[in-house]
Amino acid sequence: MAVAPPTRREFALVLALFLGILYYSNVHLGSSHISQTISPHSSTQLSTLHEKTPRVYETRLTWDDDEVPESKVLANVPGWSIIDRLYILRGVVYVVSDNPETVPDTWSMYSKGMEIFPGKAHEDSRLPGDEDIRIISTAEAKQLFGTGASIIDGVTYFVNDHPQFIRHYYHWSAELYFGFWRTYSSLDPSIPAEGNTTVPQPRHMFFNRLDAFRWRDPTDMNQLVLRSSFPDVTMEFRDDWDDRVKMNVPFVLERVVLADRSAAMRAYNFQRYQRTAAVPFALPGSVNWWMTIRNNVVQFAGMDLDDGSSTRDTPVITYISRQAWGRRTLIQEDHERLVKELYRLRDEHGWEVNVVLMEKMSRMEQIRLSVRTTIMMGVHGNGLTNLIWMRPTPRTTVMEFFFPGGFAHDYEYTARSLGITHYGFWGDASFTSPNVPVNAYPEGFQGNSIPLDAAAVGRLCFDRLTLSLEVDD
Ligand SMILES: *[C@@H]1O[C@H](CO)[C@@H](O)[C@H](O)[C@H]1NC(C)=O
């Protein structure tokens with residue numbers, strides 16, 4: 001028996017039923033999707049991805065008929081400044097103020113950012129002019145800027161330096177970054193050893209005179225230090241600066257930490273220590289100021305923050321050898337005697353001794369070893385930059401070997417500013433702050449016959465590791 005074909009009416013009913021199911025399931029899927037995006041879980045994880053109420057983006061600081069909001073200099077020592085609302089138009093930096101006597105001199109904030117050569121004539125040629133930086137009144141600002149400026153929000157670290165002193169682990173980590181963080185963290189003088197701070201992370205880094213490929217150092221340490229301490233900072237270089245110049249509109253930096261090497265060089269602390277990062281130590285600050293950065297880098301390297309902190313742990317002596325460099329090395333026999341002496345200490349006292357060539361270690365290995373090290377030693381050189389990851393304790397020590405009569409404050413000042421004891425060696429003589437010599441680079445400083453008395457180094461290791469045990473814990 002043949003089945004009768006469906007009537008038009010039956011067909012329409014089935015179709016309506018089908019569409020109904022489709023509609024219902026759609027609504028159902030849609031609502032479950034919505035409830036997922038507003039679940040507390042996703043909103044606590046990434047709360048910045050959603051605005052509760054729709055609004056337009058705040059891209060412009062506008063003043064219309066009012067006065068242009070004034071700049072405010074929160075801190076300044078030569079070469080290091082913190083400024084709120086710094087304006088930039090066509091590549092010129094503007095500090096807006098109706099009380100110019102309260103604004104530091106332009107030379108102490110900014111320069112022409114040229115390559116640095118010694119001598120008064122060169123120094124004077126780097127002084128800034130009206131084409132570089134100007135202090136203007138709110139009325140002048142209104143004439144120049146019009147009714148508003150584009151906002152660059154958050155904190156920007158702005159480096160007005162020639163590429164000369166950037167592509168180097170020491171100059172980056174122990175000068176630019178060190179000085180930046182010492183300046184910026186002066187806004188929070190109560191940072192505890194845990195590194196907790198009330199100052200927000202910087203958002204941007206501007207280099208107006210540097211091409212993008214010119215900030216990385218040959219050992220790739222600069223990148224690691226930046227990306228591990230501030231993972232989300234964005235960087236702008238000379239071409240980005242030029243883009244902004246060509247846009248022909250004013251930009252306003254909400255808060256800027258401004259670094260200028262040439263300006264810093266005019267400060268007493270630079271002339272005394274030959275370190276630009278020595279200058280911001282005149283600002284208020286916590287003794288734990290560096291721990292915010294250090295702890296992030298240490299954790300990034302997979303280390304526990306407590307590593308190296310206990311004076312009950314086995315002490316770790318690390319000798320960073322430069323003997324394979326062929327420049328600025330110990331007399332070979334003195335190097336061999338030192339290694340023997342350190343192994344004697346290891347065998348007699350059970351201390352850990354590492355004799356290392358930093359250039360043969362990975363970046364992570366260098367950091368991990370430095371974190372655990374109690375006494376770091378070596379001839380004056382870039383390998384000692386790793387002292388910035390050591391844990392400052394009463395017995396933490398850096399021993400730096402120089403050609404007799406020679407001295408540079410680089411690692412001495414760096415160690416001291418972190419609360420780490422530093423000793424310089426000239427053969428069998430040693431010295432420590434405040435009895436340190438002035439900078440000197442005699443004949444032989446860079447040579448390969450630097451003398452050292454291994455027994456004197458051994459005695460000081462013993463003193464440092466046993467004496468501090470009595471006073472600590
Ligand atoms: C530091 O911050 C961490 C995490 O935010 C917190 O657990 C810790 O208690 C804080 N420590 C201090 C000393 O404020």
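**Cavities and a helix pair**

Author: In this predicted model, α5 (169-184) and α8 (261-264) each supply at least two residues of the lining of the largest cavity. As a general idea, rolling a probe the size of a water molecule over the atoms shows where empty space is left. Here there are three cavities of 30 Å³ or more.

Reader: How much space lies in the largest cavity, and which residues are closest to its centre?

Author: The largest cavity holds about 140 Å³ of space. It is lined by 20 residues, of which Asp161, Phe165, Asp260, Arg261 and Ser262 are the closest to its centre. By class, the lining comprises eight nonpolar, eight polar and four charged residues.

Reader: Which elements give two or more residues to the lining of the second largest cavity?

Author: They are β3 (80-89) and α7 (238-247), and α7 provides the largest share, three residues. This cavity has about 60 Å³ of space. Its lining includes Trp241, Arg244 and Phe251, and divides into six nonpolar, one polar and two charged residues.

Reader: Which residues make the contact?

Author: Leu224, Val225, Ser228 and Ser229 of α6 meet Ile293, Asn296, Val297 and Phe300 of α10. Five of the contact residues are nonpolar, three are polar and none is charged.

How values were computed. Residues numbered from 1 in each chain as written. Predicted model: local features only at pLDDT ≥ 70, side-chain atom pairs only at ≥ 80, totals over all residues. Heavy atoms only, no water. Contact = heavy atoms within 4.5 Å. Helix = DSSP H or I, 4+ residues; strand = E, 2+ residues; numbered from the N terminus. Nonpolar A, V, L, I, M, F, W, Y, C, P; charged D, E, K, R; others polar. 1 Å grid on protein atoms, 1.4 Å probe; cavity = no way out; pocket = protein on both sides within 12 Å on 5 of 7 lines; lining within 4 Å. Points joined across faces, edges and corners; volume = space filled by probe spheres on them.
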